[in-house]
Amino acid sequence: MLKQLKLWFTANELADLRLSGLPSSKRGINRLADVENWALRTDSRGTPLARRRSGRGGGVEYHASLLPASARVDLAQLGLIAVEASIAANDEDPDAAAVARDVGSASLWHWLARQSEDVRAAAQQRVSIVARIDMFEAAGMTRSAAVAAVAASENISTSTLWNWLRLVEGVPAADRLPHLAPRRQGGGKEQEIDPEIWQALISDYLRPAKRSWMVCYRETAMPLAEKMGLALPHARTLWRKFEREVPPQVVTLKRDGEEALRRALPAQIRSVAGMEAMELVNIDGHRCDVFVRWPDGKIARPTMIAIQDVYSRKFLAWRFAETEDMVTARLVFADLFAKYGIPKGLLADNGRAFASKWLTGGAKTRFRFKVRDEDPTGLLTALGINIHWAKPYRGQSKPIERGFRDLCDAIAKHPAFEGAYTGNSPTAKPENYGTAAVDLDTFLRVWNAGMEAHNRQLGRRSEMARGKLSFDQVFEESYARVPIGKATEEQLRMALYAADQVSTDRKTGAITIAGNRYWTDELADIAGQRVTVRFDPDRLHEPVHVYDRAGRFLATAPVWEATGFLDMGAAKHRQRLERKWKKSAKEAAEALDLLSAADLVAKLPEYEAEDTTPTPTVVRPVRHRGNTAAALKPLSQAAEQPLRTPAGEATIDRMARAAERHLRAID
């Protein structure tokens, strides 16, 4: 009895065992298997001696009978096989023979599954004929008579029938099919090719350059064979060898890349039957295939950022910009929150507008307005929205890509865009490419109408529409019966565009943005201060929301619109506003209960006049020289008798008058 029976070995296992007569490397054993055609060898009954290895990793296993005698002796000494029992499967070891028969039967069925339909049909016919022979024997005929009767009815020679009977001798009736399958050998022994040339040939063919097989054969294999002085099999012979030995997925990986290999797998089927409306939304950007003339005169293709409900496939909100940016994405969320509420989850790719900006702030980007980098993911997290990231350019992961494809056909090719349609790829440009460009207002009017029509079109073949309903109907049916989180006023304000801090007017407190002025009563209290303003840059006629520098909400200020010079209605409105403004100021002043000036004076203490002139402790004498001192008189006399001086002495007169003024000051 065998302690352990192992009849099949991989090249790696044989290399690790280091058996006599075999190479000690996996590559060497595979080369020996190619040279000796182990993959095509069969036993006396036609059973293949090579098979695909089952289990993880795959590969090929070889029967122990293919190994040299010295290698089989080594295996027997190691206790892995019994040389005679495992190879011959004779009757001296029933256990070994039973195992060998089971292994051989499984291998035969595996081999039959890889054969053509013609081979399986011929095997089925032979099984039926052998079954008729068994039926005649069961009826009492001898085997020879049964064989002769069947041969005559089927027009088959008796020798052929006896050969078929030998093939299934001792084989259960359920396992006869693979034993009786014809084994067509083709042209006999396969032609050999030097392993080095073969390696170079398949290496050249399996390059991303995608050379044809004949070019690789002519430019690589033939020069090497000529250099080595070897004969080379025909290109078709080597191609059949390549098809047998190289798996198709390896060809796809090496020649087409990993993405092509991934696409070779069936697409994942994602069901939304267990979901509801607003449970998961999908956001993505789409560059429209239409040339548009922007207000500044620039002609470019606009980018639409849209949000779609995954359950119903309805487009819920969308906006347009020159490029895909975080500001536009934030405003689309503001529209969604205001119109439908807050979704439970968000599916987005890791593109620049949805990942870099929303997670890390990203690189600085120039927009129409100055922006302050904020963390949009913080906003979504604060609203309880779970974010799920999908890979870019993976339409199978984002259902919104399917909707974009419909828009390209239904809206981008609208007659209003004739001449402005660009085609969906550089190789699909229309004949009139670039002959026209539509203005922005026309584009928005036509495209928005097309989006509404897309949502209400009946007969949608999505999972939930079932070929009958529209996206609108599917959404409304679910939206009406499930609880939806509604956004508060503060949450809506937080979703709007955030500007840099601006200064209010020093006198009125008004705020100026993009040439528009905004004002409300509360701004008068913060005149001249710096504030942060949140607003919608595409709707500057709507009110703006004002926050202080610490982020606290202060007021909502409407736009201060310009009026006509002789607009009497506006003038009367201004008068009413002034009266209201004055009245509110007076009421605020009365609320302070201020004191009158007389009451204020009455409350102040009375003060007596005191001489606060300081007395000097040291007196400096002042001396006068010349006739000036003699000419000085008391102030009363000087007033009565004016000073007379000789003619020509004007200078002395002026000096006397100056001295008089000094004395008067000292007195």
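This is a predicted model: local features need pLDDT of at least 70, side-chain atom pairs count only at pLDDT 80 or more; totals for chains, interfaces and linings use all residues.
The charged end of R255 sits over the ring of Y205, 4.1 Å from its centre. By that I mean that NZ of Lys or CZ of Arg is within 6 Å of the ring centre and within 35 degrees of the ring normal. A further case is R534, whose charged end sits over the ring of Y547, 5.4 Å from its centre.

Residues are numbered from 1 along each chain as its sequence is written, and side-chain values use heavy atoms, with hydrogens and water left out.

Let me return to Y205. Ring pairs link Y205 with W198, W213, W239 and F242 into a cluster. Rings of Phe, Tyr and Trp (for Trp, the six-membered ring) pair if their centres lie within 6.5 Å; planes under 30 degrees apart count as stacked, over 60 as edge-to-face and the rest as tilted. The count by this rule is 19 aromatic pairs. In one of them, the ring centres of W198 and W213 are 6.4 Å apart and the planes stand at 65 degrees, so this pair is edge-to-face. It links distant parts of the chain: W198 belongs to helix α10 (residues 195-205) and W213 to helix α11 (residues 213-228), 15 residues apart. Helices here are DSSP runs of H or I with at least four residues, strands are runs of E with at least two, and both are numbered from the N terminus.

Are these two tryptophans buried or exposed? W198 is buried, with a relative accessible area of 6%, and W213 also counts as buried, at 8%. The cut-offs are under 20% relative accessible area for buried and over 50% for exposed, with partly exposed in between, using a 1.4 Å probe and protein chains only.

Another edge-to-face pair is formed by Y340 and Y479, so classed because the ring centres are 6.2 Å apart and the planes are at 85 degrees. Y340 lies in the loop between α15 (326-339) and β9, whereas Y479 lies in helix α20 (residues 471-479), 139 residues apart. Y340 counts as buried at 9% relative accessibility, while Y479 counts as partly exposed at 21%.

Two strands pair if DSSP finds at least two bridges between them. Strand β4 runs parallel to β9 (residues 345-349), to which three bridges join it; N282 has L347 as its bridge partner in β9. Seven bridges join β4 to β7 (residues 303-309), and these two strands run antiparallel.

Next, the backbone. Most residues other than glycine have a negative phi. N155, not a glycine, has a positive phi of about 60 degrees; it lies in the loop between α7 (143-154) and α8 (158-167) and counts as exposed at 75% relative accessibility. K210, also not a glycine, has a positive phi of about 60 degrees as well. K210 is in the loop between α10 and α11 and is partly exposed, with a relative accessible area of 44%.

I close with the protein chain as a whole. It contains 26 helices and 18 strands, and 37% of its 667 residues count as buried. Among contacts with a separation of 6 or more, 61% are between residues 24 or more positions apart. The accessible surface, from the Shrake-Rupley method with a 1.4 Å probe, comes to about 41,000 Å², of which 52% belongs to carbon and sulfur atoms.

Note on methods:
Contact means heavy atoms within 4.5 Å.
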